[in-house]
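Reader: Please take me through the classifications made for this model, with the grounds for each.

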Amino acid sequence: PPRGPRRGTATPRYRRLRRSVVLSTAIVSLVPLIILAAISFLQDRQAYFAENTYAVSQILSNTKRTLESVIEERHSALSLLIREQSYEELAGETAMGTALQNLNNSFGGFVDLGLINSNGVQAHYAGPYDLKDRSYKDQSWYHEVVLRGSHVSDVFMGLRDFPHFVISVKHERTAGDYYVVRATIDMDLIYRQMEALNQDRQSDVF
């Protein structure tokens, strides 16, 4: 009778078949799990990013509206000042000091106040610095306020050597003449607004 395959010949073939079955089973089992894990990771990552982005966006939006309101309030106060008082009234000996005191009593945050004529010279000044008769005719902000009627600067150091920003408002006089009222705003006003919103100075909003 015919003899079957010898034992030594069949064993390697069965081993290869067993490895192929085990490998195929592992691939069929693990590949879907890997794909699902990758999809879940990407979805969780996107959701986490969207949640944090939304939170920061809300903080920035609320802070922006608050600061815009604070700046606009002081801008309106300066506009009211130059509508209610003429150049001659503001140029009085104690008028600028009185106006600065009234602004701080009503709104707060004003460091100094200057009255600049159409030649760009600060003819009258009230505040803690020696800035009377200083010329601003070559400053870019001065040309901006003359052209547009008002100007709110970025935060800068300037001659005062501390962070601040200024609000300037132009008022037309007769015969094409004009003058500018310029106020320096203390940055502590901004910090107080941040603290009122319970935002740490090291937070993402800054």
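Author: The model is a predicted one.

Reader: Why are strand 2 and strand 3 called edge strands?

Author: Strand 2 (122–126) and strand 3 (150–152) each pair on one side only. The open sheet has 5 strands in the order 2-1-5-4-3, with antiparallel pairing. Its neighbouring strands are turned by 15 degrees against each other on average, direction ignored.

Reader: How do you know that V181 touches L78 and L113?

Author: Contact requires heavy atoms within 4.5 Å. V181 touches L78 and L113, and also L81, I82, L90, G114, L115, I167, S168 and V169, not counting residues up to four places away in sequence.

Reader: What makes the set containing L78, L90, L113 and V181 a nonpolar core?

Author: Such a core consists of buried residues of nonpolar types, including Val and Leu, joined through side-chain atoms within 4.5 Å; buried means under 20% relative accessible area. The largest core has 28 residues, and L78, L90, L113 and V181 touch the most other members. Helix 1 gives the most to this core, with 6 residues.

Reader: Which residues are among those of the other core?

Author: That core lies apart and has 9 residues, among them I116, L131, V145 and V180.

Methods. Residues numbered from 1 in each chain as written. Predicted model: local features only at pLDDT ≥ 70, side-chain atom pairs only at ≥ 80, totals over all residues. Heavy atoms only, no water. Pairing = 2+ DSSP bridges. Helix = DSSP H or I, 4+ residues; strand = E, 2+ residues; numbered from the N terminus. Axes fitted to C-alpha atoms, helices over the stretch in contact; angles between N-to-C directions. Buried < 20%, exposed > 50% of the residue type's maximum accessible area, 1.4 Å probe, protein only.
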